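Me: I would like to go through the labels attached to this model one at a time, setting each value against its cut-off.
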Amino acid sequence: MMKPEELDHQLLELFTQEARERSSDIERTLLALEDADGVDTKRKLQDQLLRMVHSLKGAAGLVQVRAVESICHWIEELLSVAAREERVLDRPEVDLCLAAADAIADAVRLLESGEKPSSKHAENVLFQLEAASTRQTERDGEGTGSHRSRAEIQVPVRVSDTDGSMRVSADRLDALLYRSGELLAWNAVVRRHAEEASRLRQQTRKLRAWGSNSATEAASIENGLRALAASLNHDGRLMHSATTALENEVRRARTQPFAEACKGLARIVRDMAASSGKLAELEVRGGEIEIDRSILAGLQDSLRHLVRNAIAHGIQEPAKRRMAGKPERGRIVIAASISGDRVQVLVEDDGCGLDMASLRRAAGKANLQQPEDERQLLRQIFEPGVSTSAAVTKLSGRGIGLDIVRTAVEGMRGVADVSQVSGGGAAFTLTLPLTLATVRALEVIVGGHVFAIDTASAQSVIRVSAKDITTSAEKRVVTTRAGPIPLIDLARWLGLRPASRRTSMEFMPAVIVGAAGREAAVLVDEVAGEQELLVRSLGPRLAKVRRYNGGIVLPDGRIALLLNAAALAEAAREMNPGTDALLRPVAPRESRKVLVVDDSVYVRSLIRLILEGAGYEVAMIADGGEAWEHLRQHGADIVIADVDMQSMNGFALTQTIRESGDFQDMPVILVTGRETPEDKLRGLHAGANAYLTKNEFDSYQFLETVRQFV
């Protein structure tokens with residue numbers, strides 16, 4: 001077991017690394033604030049600076065570096081006063097904050113030399129900060145106040161340890177070396193195949209030069225090509241296996257136990273509880289679970305804020321816990337678990353839970369909507385400026401910490417949620433992907449642009465008609481099998497022009513995103529497919545745009561933005577529906593009659609089920625000749641026919657219909673197993689309106705084709 005002094009030393013080293021980074025970030029943000037144009041840009045930078053200082057203050061309190069903690073506290077005070085007054089820092093205040101950043105850097109240098117700085121090292125800066133904050137507070141006439149609306153900031157995800165290094169076991173390095181050796185061996189195999197292809201090409205040139213029709217030479221080339229194709233298929237499968245194994249080894253090399261993200265949290269619980277007259281302990285479950293390092297690095301700040309929140313707002317004093325029939329010592333549990341391709345982190349305490357009345361008052365002060373649903377009200381705890389604390393203290397009261405948590409989690413393509421625990425207490429659930437490098441993405445098309453949705457956030461794809469949509473003054477709702485859920489038009493949310501064909505369509509695809517209780521249906525023009533893709537950062541210019549979690553390069557070279565499913569679900573509940581019509585209402589009409597002609601009972605039954613499910617009347621015939629007689633006697637609105645049938649095939653049936661006087665304008669769709677270009681051209685020349693192949697049959701595309709003609 002690690003001795004207390006060893007733990008203190010390790011925590012101090014971690015803090016020193018973090019403080020070095022954050023002091024540099026604070027200075028850089030202050031300089032950007034000074035040079036920025038526009039009040040809105042300056043306010044966003046101030047909000048970003050407030051979060052930086054808030055996080056560093058918490059870390060300094062953990063290791064009891066009081067000098068840094070005090071500096072951060074008074075910078076925070078100065079920024080909070082400016083936010084309440086809805087103004088930006090003036091030049092003297094920026095100079096003062098820069099001097100404070102220098103004092104933090106000086107404290108870091110003292111820590112690196114082995115000396116722990118005291119408040120005396122920054123006495124002058126602290127005095128000036130306190131005086132400036134006090135003057136502004138007196139001028140404002142109040143000690144606390146409401147905060148501005150949400151700033152669109154994004155907490156950057158650190159993709160490695162704070163010093164940029166990582167430890168990898170010797171066994172894992174050996175495995176990587178072995179797998180890379182496999183790929184080098186396959187390089188020689190590919191070269192051999194290329195040489196064989198070159199030899200066959202030369203042989204073909206000779207054959208053409210001779211002008212010979214030699215069957216022997218042609219057979220030799222054919223056999224060579226057949227053998228080459230078989231070898232390529234076989235070796236391709238083996239190479240895919242080797243590449244997959246290498247990818248798995250690289251992923252394993254990038255993982256660390258979840259317990260690494262929880263280092264120092266027990267000390268936070270102990271020290272914060274002691275300073276507030278409480279008793280509490282921390283329990284970590286699932287610490288052995290291996291998680292991607294980038295996820296762990298991004299979780300560290302969030303876990304710290306959640307633990308601080310549990311002590312400040314949840315765990316009661318021993319006397320109150322005794323009166324409530326609880327043990328004097330409170331318990332905070334952090335549990336990690338793997339579910340499919342997601343990791344779920346639960347932070348739960350056995351305290352008093354969230355005060356709903358206080359939360360409703362705080363949301364009202366922040367000018368947020370007052371939902372009737374308790375779960376939606378609970379989620380407003382993540383909004384900036386919402387705090388159930390009655391006063392601003394060093395531990396709580398500003399409504400910043402949980403906003404940082406949600407922003408950081410969503411920046412990692414995750415979702416943050418909160419719930420009450422039966423018997424008292426609050427539970428925060430962070431659901432995150434296993435890795436940030438790749439994503440299983442659902443490609444959707446809106447207004448001619450391709451976007452992607454993480455399949456881990458997508459529940460299903462449905463077809464929506466106008467009769468399924470209910471519009472009120474507040475929002476749109478679509479009726480599904482699981483009940484009514486909010487609907488959002490992705491084109492309108494992104495400010496794009498939807499597909500022109502939308503207004504003539506009765507049905508459109510929609511993707512249901514979000515977790516249980518927070519679903520939303522996202523209306524799109526088309527769902528293009530699903531595949532595993534690499535995720536790229538959007539860079540600093542788009543890092544603060546909450547709508548997107550990254551960018552991906554599609555196999556054809558196009559760029560697709562990865563949508564933030566949590567932001568979509570949230571917007572579906574808040575966005576004004578407007579007055580535009582999403583889909584064409586279905587007008588009452590007589591049932592359209594479809595004549596299906598195919599000699600396969602299975603195919604006829606399948607097409608009948610699809611068509612009747614869409615509201616069509618279906619007649620089925622097994623032969624082209626019988627179909628023509630049926631059409632002459634009973635008529636139809638459209639004919640769907642196979643090609644290969646006895647008596648009269650599909651080509652002949654189509655030509656007969658076109659040459660008739662009564663049915664020459666009858667729509668005909670050929671659905672066949674013949675897929676050569678020559679057959680397709682023959683069918684279209686015979687007069688078919690569309691030619692669909694059975695091996696690529698898609699019910700959605702089939703119905704859309706039928707609707708084009710009837």
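Me: Why is C262 called buried?

Reply: This is a predicted model, in which local features need pLDDT of at least 70 and side-chain atom pairs count only at pLDDT 80 or more, while totals for chains, interfaces and linings use all residues. Residues are numbered from 1 along each chain as its sequence is written, and side-chain values use heavy atoms, with hydrogens and water left out. C262 has a relative accessible area of 8%, and buried means under 20%, exposed over 50% and partly exposed in between (1.4 Å probe, protein chains only), so C262 is buried.

Me: What makes C72 buried or exposed?

Reply: The relative accessibility of C72 is 0%, and C72 therefore counts as buried.

Me: How many disulfides does the structure hold?

Reply: The structure holds zero disulfides, a disulfide being a pair of cysteine sulfur atoms within 2.5 Å.

Me: Why is E86 called partly exposed?

Reply: Because its relative accessible area is 49%, E86 is partly exposed. E86 is found in the loop between helix 3 (66-84) and helix 4 (91-112), where helices (H or I, at least four residues) and strands (E, at least two) are DSSP runs, numbered from the N terminus.

Me: What is the phi of E86?

Reply: The phi of E86 is near 55°, a positive value in a residue other than glycine. Most residues other than glycine have a negative phi.

Me: What makes R413 buried or exposed?

Reply: R413 has 5% relative accessibility and so counts as buried; R413 lies in the loop between helix 13 (401-411) and strand 6 (415-420).
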